[in-house]
Amino acid sequence: MNSNTNNIKRRVIYLLFFFVFSTNISAQKYNLEIVNNKTEKISFFKKNYKKIYTDSIYIYPELYKYLNYLFSKGYLSASFDSVYFSDTEVKAYLYLGEKYIISNIFFDDKDKEIIRKLKIKKKNVKNITLNPLILENIYNKIIKYYENNGYPFVTLKNDSVKFVENKIEIKLKISKNIKVKIKNIHIKGEYKISEIFIKKYLSLSENELYNQSIISEISPKIDEIDFVNEIKIPEVEFYGKNADVYLYIKTKKANQFNGIIGFIPDREDENKLSFTGDISVKLLNTFNKGESLSLKWNKPDKYSQRLKLNFNYPYLFGSSFGTLLDFGLDKKDTTYLTLDFKPELKYYFRNNDKISLFLKYKNSMILSSKYIDTTIYSDAESTLVGFGFDSERLDYKYNPAKGYSFYTDISTGKRISNGESKSDSRVKLFAEYYSRIYKNLVLKLAVKNEYIFSEGEMFMNEMIRIGGFNSIRGFDQDEIYTSAYSIGSVELRYLFEKKSNFYIFFDIAKYMKNNINENIFKNIFGYGAGLNFETKAGIFSLSYALGKQQNNNIQLSNSKIHIGYVNVF
């Protein structure tokens, strides 16, 4: 076998794993031309590359980028034989060489069951172009499987590489080494929180097989707990067939308050003022169990107010079950008063996905039938039983750059209005998707949908209310009454700090306008811009939005400005 073939072999084995390039060049201005040594037409040779450079420092990186492209197509012996510089031109002479094919990848018989489990099919590794990235993906898939199933010291190597002309056969050898269990979990630092909560939230358990993916997620997950700081990164101590995990944390202040109190002229007496306000309070880990209690109160005018209470208690008695209690009060001037109550039992999976079973009771009462239209308002009561599912895969939930969140629930039961009992069903679906477009530029896509399927006529005080900062921006808070709606949002964000971003958005919605004789679907949209900015004391938010109803013109005088500040105490 000649020396040239041996050189190619060494290069093939080397390129199975990585490519490293380095160079020293001088600075001039050039027009680049790549010249192929092959006379036949090769489509990928026409791949675009930058041809004009103001500084020659960028020429060689472009050539290496081109070579990487050729390597990915199987031309592992491709190289630039020579590069000639003149005053204004540079010519790079390309040697293409043979195209290499992986004829097959073999595994030991004892590993074939795992290969089938990982869905590495023969057709995907037989007679394919030798692309180092494809091989790397296969190698990583195998390594990750074993690392996440008790074998942190697994190794994978090329046991043999056989050449037959331009075809290559590779035999891989997997060495699992020792099987490891997590023996103890040590939590160090000044903290006031249940260790059960920490272990459950991080999916850590004693006497379970070592899982590298769980270990890798410890720091990102701790970073998302409002009331916990990580003192230093976690450590793993291996001994024999066991491993101990060390966590270093401390609790911090994380309760939140956001409020504004105001006065407006009294509609009944110009010499008096009416008290208004908007207050939001969130208490976290008060009982050191990882629980949360939130209160939201809003009083837009003298006779109207809304109250929402929420209590969340995860991991009851150290189990994977948690409970959530919701209570709501909505008083609309002297028209109606609505009370609703929703107890919910949740089950937390190890990846923090959740399923839930809930009961929802709602009672809406007319306050004075003397002054209202009883054809659109009426006493109504409903009792529903439902099932929900919640999933989240975000890289950082407070300011995500990639990932998704998804929530849906379905409920059914009975509603009573005008003394008649009727069937009632409801469906809710919320989803968000984040994708990094370029560096700190992130695209967010979101949908929100709710539908009520009910027998007979529905009254205004029974309906869903949308509009405002958390639904369709550019409209007054909860100004639209509907029994069905769908909202789509596109948002472009620029992330400039860990919890800070600037964004522009466009919301579009279709909702059902419920009339006495017919139901009409209407289209609306809103657009604008906003800012979330983290300070030492909390997060400041500002948004500006314009909304447009169907057949109505956009008016700047109807723009909505939302200013918020969440103070941490």
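This is a predicted model: local features need pLDDT of at least 70, side-chain atom pairs count only at pLDDT 80 or more; totals for chains, interfaces and linings use all residues.

Trainee: Okay. How many helices and strands does the protein have?

Mentor: The secondary structure comes to 7 helices and 30 strands.

Trainee: And what share of the residues is buried?

Mentor: Of the 569 residues, 40% are buried. The accessible surface of the protein comes to about 32100 Å². Carbon and sulfur atoms account for 54% of that surface.

Trainee: What about contacts between residues at least 6 apart in sequence?

Mentor: Of those contacts, 55% join residues at least 24 apart.

Trainee: Salt bridges next. How many does the structure hold?

Mentor: There are 20 salt bridges. Take Arg306 and Asp330: their side chains meet in one, at 3.8 Å from N to O. Arg306 lies in strand β16 and Asp330 in strand β17, so this pair ties together parts 24 residues apart in sequence.

Trainee: Is Arg306 buried or partly exposed? And what does Asp330 count as?

Mentor: Arg306 is partly exposed, with a relative accessible area of 24%. Asp330 counts as buried, at 11% relative accessibility.

Trainee: Which residues are linked with that pair in a network?

Mentor: Arg465 and Asp478. Together with Arg306 and Asp330 they are linked in a network of salt bridges.

Trainee: Give me another pair. What does Asp353 bridge to?

Mentor: Asp353 forms a salt bridge with Arg393, and the closest N and O atoms are 2.8 Å apart. That pair links distant parts of the chain, 40 residues apart. Asp353 is in the loop between β18 and β19, while Arg393 is in strand β20.

Trainee: How accessible are those two?

Mentor: Asp353 counts as buried, at 9% relative accessibility. Arg393 counts as partly exposed, at 32%.

Trainee: And Asp424, what is its partner?

Mentor: Asp424 forms a salt bridge with Arg426, with the closest N and O atoms 3.2 Å apart. Both residues are buried.

Trainee: Now a charge without a bridge. What's going on at Glu224?

Mentor: Glu224 is buried yet has no salt bridge. The nearest side chain of opposite charge is Lys397, at 5.1 Å.

Trainee: Where does Glu224 sit, and what does it touch?

Mentor: Glu224 is in the loop between α7 and β11. Leaving out residues up to four places away in sequence, it touches Tyr201, Leu394, Asp395, Tyr396, Lys397 and Tyr398.

Trainee: What about Asp333?

Mentor: Asp333 has a positive phi of about 40°, although it is not a glycine. Its place is in the loop between β17 and β18.

Trainee: Surface now. Which residues form the positive patch?

Mentor: Lys176, Lys179, Lys181 and Lys183 form a positive surface patch. Lys176 lies in the loop between β8 and β9. Lys176 is partly exposed, with a relative accessible area of 34%.

Trainee: Where is Ile178, and what does it touch?

Mentor: Ile178 is in the loop between β8 and β9. Ile178 is partly exposed, at 35% relative accessible area. Not counting residues up to four places away in sequence, Ile178 touches Gly150, Tyr151, Pro152, Phe153 and Gly240. Ile178 and Gly150 are 28 residues apart in sequence, and their C-alpha atoms are 8.3 Å apart.

Trainee: Last one. Which residues form the nonpolar patch on the surface?

Mentor: Tyr404, Tyr433, Leu445, Val490, Phe506, Ile508, Tyr527 and Ile554 form that patch. Together they have about 670 Å² of accessible area. Tyr404 is in strand β21. Tyr404 counts as partly exposed, at 33% relative accessibility.

Note on methods:
Residues are numbered from 1 along each chain as its sequence is written. Side-chain values use heavy atoms; hydrogens and water are left out. Helices (H or I, at least four residues) and strands (E, at least two) are DSSP runs, numbered from the N terminus. Buried means under 20% relative accessible area, exposed over 50%, partly exposed in between (1.4 Å probe, protein chains only). Contact means heavy atoms within 4.5 Å. Patches are made of residues with over 30% relative accessible area and no salt bridge: like charges are joined within 9 Å, nonpolar side chains (Val, Leu, Ile, Met, Phe, Trp, Tyr) within 5 Å. Accessible areas come from the Shrake-Rupley method with a 1.4 Å probe; for residues, only the protein chains shown count as cover. A salt bridge is a side-chain nitrogen of Lys or Arg within 4 Å of a carboxyl oxygen of Asp or Glu. Lys and Arg count as positive and Asp and Glu as negative; His and the chain ends are not counted. The place of a charge is taken as NZ of Lys, CZ of Arg, CG of Asp or CD of Glu.
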